[in-house]
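Have a look at the picture first, then read on.

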Protein chains: 2
Amino acid sequence: MPGRNREIEALIEMMARLPGLGPRSARRAVLHLIKKRAVLLGPLADSMHKVAATARECSVCGNIGTTDLCEICADPKRTNGELCIVEDVADLWAMERGGAFRGRYHVLGGTLSALDAIGPEELRIPQLAARVAAEHISEVILALNATVDGQTTAHYIADELAPTGVRVTSLAQGVPIGGELDYLDDGTISAALRARKGI
Amino acid sequence: MPGRNREIEALIEMMARLPGLGPRSARRAVLHLIKKRAVLLGPLADSMHKVAATARECSVCGNIGTTDLCEICADPKRTNGELCIVEDVADLWAMERGGAFRGRYHVLGGTLSALDAIGPEELRIPQLAARVAAEHISEVILALNATVDGQTTAHYIADELAPTGVRVTSLAQGVPIGGELDYLDDGTISAALRARKGI
Ligand SMILES: [Zn+2]
Ligand SMILES: [Zn+2]
């Protein structure tokens, strides 16, 4: 575009591709960053470099951290026999903001979807039964979104785990139909956890 | 927050402070960036470093570029005797997207505001009369937002420039009351430019 430098143009284009941002908010954000480049743009770039170099998936649960075992999997106080299954890391973070869950997580990386040809092998499902046995899990809590795909996945996992004899529950009260965990307030998530029921 | 690494936490907090982003969209954006860290996060950080190191205000018009004179001020084809006055760089970019203006710009850096104690000295207003004389400007086009402060500023500038005898016009038709330039579609801006009238 005339009047705009090539490097600035490239930065705006990259920012505009982020979820939740469009061309207009990307332009606004970049102008804001340039105006405060010493205190904002430089430090933000440094922070991104640091995260790009260190971020990795936890080899056990799929949470994002900077070590092979994430902070939760490495915390001996989080071994209460409960394993919470979530679709993605944003949902794990939402559960943690709720603050009511003290066990460990298993991040599926999505839901089963016939339409998108996503089967169990595309998700972190095959590892699940082994984790339940190895970590002496007494209860698996399904904290999946209240969508069709989320509920299909929940039932699939409950069936898969039936031979292990582990108790399988799911978040119940408080999750609205069609609702996604990451949109809920923290109190709602805690209430849903407390009112969980057998599946 | 438990379950989230300190560096990732810091990145989310910085992103959440950008205009148009909140905590939730910042979390989504950062997770997206981490998932595609090789192709997105690294290049975005590089781009930010490049812009942070090179971005600067044009010493003549206040546009953002990477050289002392911005691309527009350095372009000899943009000397048609017209000078367009805008509040900020986002408005300059909006005018350029319209594509109808072929002269040069003068970025005020805001509007006069009694409430915020912003007087002419806080803006790029004192330099204006000198530019009009030095660059043989035949017409000053006021492309300020249709807000109270924008219009107060327009009248102040028109009064300041009266002794120079230069023709002062303003964008007219098409700019809705209370509207801000950067929200308008490109065609509206072009129409408003064509229908400009004396002030
Ligand atoms: Zn983990
Ligand atoms: Zn310039």
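Residues are numbered from 1 along each chain as its sequence is written, chains are lettered from A and ligands numbered from 1 in the order in which they are written, and side-chain values use heavy atoms, with hydrogens and water left out.

**Confidence**
- Chain A has a mean pLDDT of 88, and 89% of its residues reach 70 or more; pLDDT is the predictor's confidence in each residue, from 0 to 100.
- Among the elements of chain A, strand S4 (residues 104–107) has the highest mean pLDDT, 96, while strand S7 (residues 197–198) has the lowest, 64.
- Helices (H or I, at least four residues) and strands (E, at least two) are DSSP runs, numbered from the N terminus.
- Where pLDDT is low, the predicted coordinates should not be read in detail.
- For the complex, the predictor gives an ipTM of 0.81 and a pTM of 0.78.

**H3 against H3**
- Helix H3 (residues 37–54) of chain A and helix H3 (residues 37–54) of chain B have axes that come within 9 Å and cross at roughly 155°; axes are lines fitted to C-alpha atoms, for helices over the stretch in contact, and angles run from 0 to 180 degrees between N-to-C directions.
- That makes H3(A) roughly antiparallel to H3(B) (angles under 35 degrees count as roughly parallel, over 145 as roughly antiparallel, 65 to 115 as roughly perpendicular and the rest as oblique).
- Residues in this contact include A:Leu41, A:Ala45, B:Leu41 and B:Ala45; contact means heavy atoms within 4.5 Å.

**Packing within a chain**
- In chain A, helix H1 (residues 6–16) and helix H2 (residues 23–35) pack at an angle of about 130°, with their axes 8 Å apart.
- H1(A) and H2(A) are therefore oblique to each other.
- Among the residues that meet are A:Ile8 and A:Leu11 in H1(A), and A:Val30 and A:Leu33 in H2(A).
- In chain B, the axes of helix H2 (residues 23–35) and H3(B) come within 6 Å and cross at roughly 115°.
- B:Leu33 and B:Ile34 of H2(B) are among the residues making that contact, as are B:Leu40 and B:Leu44 of H3(B).

Methods: This is a predicted model: local features need pLDDT of at least 70, side-chain atom pairs count only at pLDDT 80 or more; totals for chains, interfaces and linings use all residues.
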